[in-house]
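Please look through the sequence and the model together before reading on. The paragraphs that follow begin at the ligand and then turn to single residues along the chain.

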Amino acid sequence: MKLNIAILPGDGIGPEVTNQAIKALKAIASEFNHNFKFTTADVGAVAIDKHNDALPEKTLELCKKSDAILFGAIGDPKYDNDPSAKVRPEQGLLKLRKELGLYANIRPVKAYKTLLDKSPLKKHIIQGTDISIYRELTGGIYFGEKHTSEDGDYASDLCGYSREEIERIAHLAFVAAENRSHKVTLVDKANVLETSRLWRRVVKEVAQQYPDVTLDFLFVDNAAMQMILNPKQFDVILTENMFGDIISDEASVIGGSIGLLASASVGDKYAMFEPIHGSYPQAANKGIANPIASILSAAMLLSHFELHNEAELIRLAVEKSLKLNITTPDINSVVNTVTTSNVGDFIEDFIYNPKDTNLNFKNIHLGQSTII
Ligand code: IPM
Ligand code: MG
């Protein structure tokens with residue numbers, strides 16, 4: 001298959017983790033005879049520094065003419081600590097999502113067997129967790145009218161949703177549930193918010209078209225508690241933009257590290273793949289960032305184009321690296337000599353030689369000794 005992939009590394013650890021995902025994709029292309037072409041463009045704080053624009057026109061154009069986008073991370077503390085900054089890196093990502101109509105953000109959360117002891121949560125609670133979060137991505141409070149009074153002492157953000165915005169992502173969530181454990185949980189705050197009551201009404205209607213799928217409802221505060229009390233009860237979680245942002249960071253604890261969580265942002269025309277983690281500026285260029293979320297985002301990219309065997313091989317490589325402890329310090333705090341690119345190299349090697357036990361043996365030692 002021929003694919004033009006736009007690479008938007010962004011800020012902080014974005015470039016180094018994205019590089020590992022590219023290595024994996026190149027290995028896949030070579031092993032399975034695909035033709036992947038990568039073109040890089042600026043977004044976020046780097047783009048503001050260079051072009052005074054968090055999403056330069058050229059970047060947007062590249063995304064529009066590509067088959068898929070691989071996104072790194074966005075954000076820089078120099079903007080976080082200056083609330084008066086007119087241009088902010090995050091605007092680049094939000095504009096990109098809106099312009100490309102990426103209304104559904106899919107975030108899988110899984111408890112890896114080999115990492116059960118690494119999560120701060122008890123093993124028996126997280127074991128067997130397999131959730132797919134469907135977060136609405138182009139509406140709600142993120143995109144409603146924003147206002148600050150002239151004296152600067154009052155501010156508001158409007159949260160609005162239309163029936164159509166709810167319907168289109170609800171259908172995706174139900175279709176996903178049909179192929180999984182047949183359950184959708186709508187997370188909302190319908191006891192307080194009008195928008196949530198609209199979500200309930202519309203989602204109930206959509207549910208009638210999917211008789212094999214059970215629909216239930218949870219208020220977001222309760223859902224936040226249930227997520228760490230009994231995550232196994234969830235199959236597909238459907239929720240609005242802001243609640244999805246919060247609940248997915250919380251859910252990442254189940255996997256053992258936010259550095260493991262990948263996501264796909266899809267619309268009717270375009271698709272972008274991005275780790276859910278941020279730019280982690282304190283870690284940039286230290287070789288300690290976990291590249292797995294980015295590598296698994298690349299696997300989601302492959303699945304999106306129905307390249308399931310290819311995606312599966314990447315997932316297998318990731319599982320192998322976790323099993324062999326070839327992991328960065330966020331997971332492997334005792335043996336922390338494994339760098340971001342060591343993990344990427346291992347996964348690349350595994351894709352080329354999945355059956356080579358020697359290679360794996362060699363790498364075990366690489367991960368556990370001081371020879372790096
Ligand atoms: C995410 C991030 C973004 C969001 C930020 C960087 C704007 O937290 O993708 O979850 O809030 O959507
Ligand atoms: Mg977030």
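An oxygen atom of ligand 1 lies 2.9 Å from an N or O atom in the side chain of Asp245, a distance that falls inside the limit for a polar contact (a pair of N or O atoms within 3.5 Å; within protein, one must be able to donate a hydrogen and the other to accept it, and residues adjacent in sequence count only if both atoms are side-chain atoms). Of the 320 Å² of accessible area that ligand 1 has on its own, the protein covers 80%, with areas taken from the Shrake-Rupley method with a 1.4 Å probe and, for residues, only the protein chains shown counting as cover.

This is a predicted model, in which local features need pLDDT of at least 70 and side-chain atom pairs count only at pLDDT 80 or more, while totals for chains, interfaces and linings use all residues. Residues are numbered from 1 along each chain as its sequence is written, chains are lettered from A and ligands numbered from 1 in the order in which they are written, and side-chain values use heavy atoms, with hydrogens and water left out.

Returning to the ligand, an oxygen atom of ligand 1 is 2.5 Å from an N or O atom in the side chain of Tyr142, and an oxygen atom of ligand 1 is 3.0 Å from an N or O atom in the side chain of Arg107. The residues that surround ligand 1 include Ile74, Glu90, Arg97 and Arg135, where a residue is near a molecule if one of its heavy atoms lies within 4 Å of it.

Which residues of helix 13 are buried? They are Thr340, Asn342, Val343, Gly344, Phe346, Ile347, Phe350 and Ile351, buried meaning under 20% relative accessible area, exposed over 50% and partly exposed in between (1.4 Å probe, protein chains only). Helices (H or I, at least four residues) and strands (E, at least two) are DSSP runs, numbered from the N terminus. At 1.5 Å a residue, the 13 residues of helix 13 (residues 340-352) should span 18 Å, and the end C-alpha atoms of this helix are 19 Å apart, which agrees; the expected span is 1.5 Å times one less than the number of residues.

The loop between helix 12 (308-323) and helix 13 holds Thr328, which counts as buried because its relative accessibility is 0%. The side chain of Thr328 makes a polar contact of 3.5 Å with the side chain of Asn290. Asn325 also has its place in the loop between helix 12 and helix 13, and the phi of Asn325 is near 65°, a positive value in a residue other than glycine. Within helix 12 itself lies Leu316, which is partly exposed, with a relative accessible area of 42%; the C-alpha atoms of Leu316 and Ala24, 292 residues apart along the chain, are separated by 12 Å.

A positive phi, of about 55°, is found in Asn52, although Asn52 is not a glycine. Asn52 lies in the loop between helix 2 (45-51) and helix 3 (57-65), and counts as exposed because its relative accessibility is 58%.

Two buried residues remain. Leu116, in the loop between strand 4 (104-110) and helix 6 (123-126), is buried with a relative accessible area of 5%. Glu274, in strand 12 (residues 271-275), is buried with a relative accessible area of 3%, and a polar contact of 3.2 Å joins the side chains of Glu274 and Ser265.
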